[in-house]
Amino acid sequence: MDATAVMGLCHATEDVRGIGVVMGNAGIGKTYTIRRFVECSQKAVYVKADGLMSSRNLIRRIGEACNYDVTHSSVRDMKNALIGYLRANPCTLVINEVVKLLQANSIKKTRFCETSMKKPPSMVAP
């Protein structure tokens, strides 16, 4: 997937308020292009996932990216507060390296899908 296709997918996903999935080999410019999209969009926020990120940390990072303070006692309360905020203030949420959040068996399934498809799906609508 080249930069033009990635940028087109980002805009289309934002327009339809859907879910976009960008997959491809390392080093082809996916992250660079997605970051340029976020910089140009008035509705997009960017979060980079990492393998040590807990649910609480992910919710906090999303809140921080949206300029929303998520300080509740339980993860469930944090999640519900963030969902309420995002419903009232819709945005395009871009989570980079999302595969790092998946459990090991899910990662194997994702990798299998990546390698078994000649052309991976570029967009999944709601």
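Student: Let's start with R56: which helix holds R56?
Tutor: R56 sits in helix α3. Helices here are DSSP runs of H or I with at least four residues, strands are E runs of at least two, and both are numbered from the N terminus. Residue numbers start from 1 along each chain as its sequence is written, and side-chain values use heavy atoms, with hydrogens and water left out. Keep in mind that this is a predicted model: local features need pLDDT of at least 70, side-chain atom pairs count only at pLDDT 80 or more, and totals for chains, interfaces and linings use all residues.

Student: What makes R56 "partly exposed"?
Tutor: Its relative accessible area is 26%. Buried means under 20%, exposed means over 50%, and partly exposed is in between (1.4 Å probe, protein chains only). So R56 lands in the middle class.

Student: Which residues does R56 touch, leaving out those up to four places away in sequence?
Tutor: R56 touches H72, S73, S74, V75 and M78, where a contact means heavy atoms within 4.5 Å. Take M78: it is 22 residues from R56 along the chain, yet their C-alpha atoms are separated by 7.7 Å.

Student: How do you know that E39 and R36 form a salt bridge?
Tutor: The rule asks for a side-chain nitrogen of Lys or Arg within 4 Å of a carboxyl oxygen of Asp or Glu. For E39 and R36 the closest N and O atoms are 2.8 Å apart, and that makes a salt bridge. The two are three residues apart in helix α2 (residues 30-40), so about one helical turn separates them. E39 is exposed at 57%, while R36 is partly exposed at 25%.

Student: What links R61 and D50?
Tutor: Another salt bridge, at 3.6 Å from N to O. R61 lies in helix α3 (residues 55-65) and D50 in the loop between β2 (44-48) and α3, so the pair ties together parts eleven residues apart in sequence. The rule gives two salt bridges in total.

Student: What span should helix α1 have, and what does the model show?
Tutor: The expected span is 1.5 Å times one less than the number of residues. Helix α1 (residues 3-16) has 14 residues and should span 20 Å; its end C-alpha atoms are 20 Å apart, which agrees.

Student: Which residues of α1 are buried, and which are exposed?
Tutor: V6, L9, C10, T13 and E14 are buried. They cover an arc of only 130° around the axis, so they are on the same side of α1; that arc is taken from the directions from the helix axis to the C-beta atoms. T4 and D15, on the other side of α1, are exposed.

Student: What is the pLDDT over residues 112-126, and how does the chain average compare?
Tutor: The chain averages a pLDDT of 80, and 80% of the residues score at least 70. Over residues 112-126 the pLDDT is below 50, though the stretch has 17 contacts beyond near neighbours in sequence. pLDDT is the predictor's confidence in each residue, from 0 to 100. Where pLDDT is low, the predicted coordinates should not be read in detail.
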